[in-house]
Amino acid sequence: MRKPRLSSSRRPAIPGPRPTSEVRTAIAALPPVQREVLRLRLLEGLSADEVAERLSMTPAAVRLVQHRALTALRVYLASRN
């Protein structure tokens with residue numbers, strides 16, 4: 001069994017202000033698995049291995065889902081400018 005991490009030892013995953021309504025809208029439009037991977041990786045600060053374990057995926061699949069989600073967000077937000 002893995003030793004739990006202390007939250008104080010983690011650095012913030014997303015520095016700065018809270019996401020704007022436009023970013024929230026873009027995130028809400030993502031498929032559920034992409035939203036969950038982003039939440040766990042970026043907001044909770046979990047590693048790809050930890051996310052993979054929680055979601056019954058491989059670490060490579062987690063990284064691919066994260067990449068696709070971030071790409072979709074970039075495309076969506078770039079089209080809004």
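Arg39 is partly exposed, its relative accessible area being 32%; the class lies between buried (under 20%) and exposed (over 50%), for a 1.4 Å probe and protein chains only. This is a predicted model, in which local features need pLDDT of at least 70 and side-chain atom pairs pLDDT 80 or more, while totals for chains, interfaces and linings use all residues. Residues are numbered from 1 along each chain as its sequence is written, and side-chain values use heavy atoms, without hydrogens and water.

Two salt bridges are found in the whole structure, the criterion being a side-chain nitrogen of Lys or Arg within 4 Å of a carboxyl oxygen of Asp or Glu. Arg39 pairs with Glu36, with 2.8 Å between the closest N and O atoms. These residues lie three apart in helix 2 (residues 32–43), and so about one helical turn separates them. Arg39 also forms a salt bridge with Glu44, at 3.4 Å from N to O.

## Packing of helix 1 and helix 4

Helix 1 (residues 21–28) packs against helix 4 (residues 59–79) at about 135°, with the axes 10 Å apart. Helices are DSSP runs (H or I, at least four residues), numbered from the N terminus; axes are fitted to C-alpha atoms over the stretch in contact, and angles run from 0 to 180 degrees between N-to-C directions. The pair is therefore oblique, a class left after roughly parallel (under 35 degrees), roughly antiparallel (over 145) and roughly perpendicular (65 to 115).

In the contact (heavy atoms within 4.5 Å), helix 1 contributes Glu22, Val23, Thr25, Ala26 and Ile27, and helix 4 contributes Leu73, Tyr76 and Leu77.

Terms used:
Helix = DSSP H or I, 4+ residues; strand = E, 2+ residues; numbered from the N terminus.
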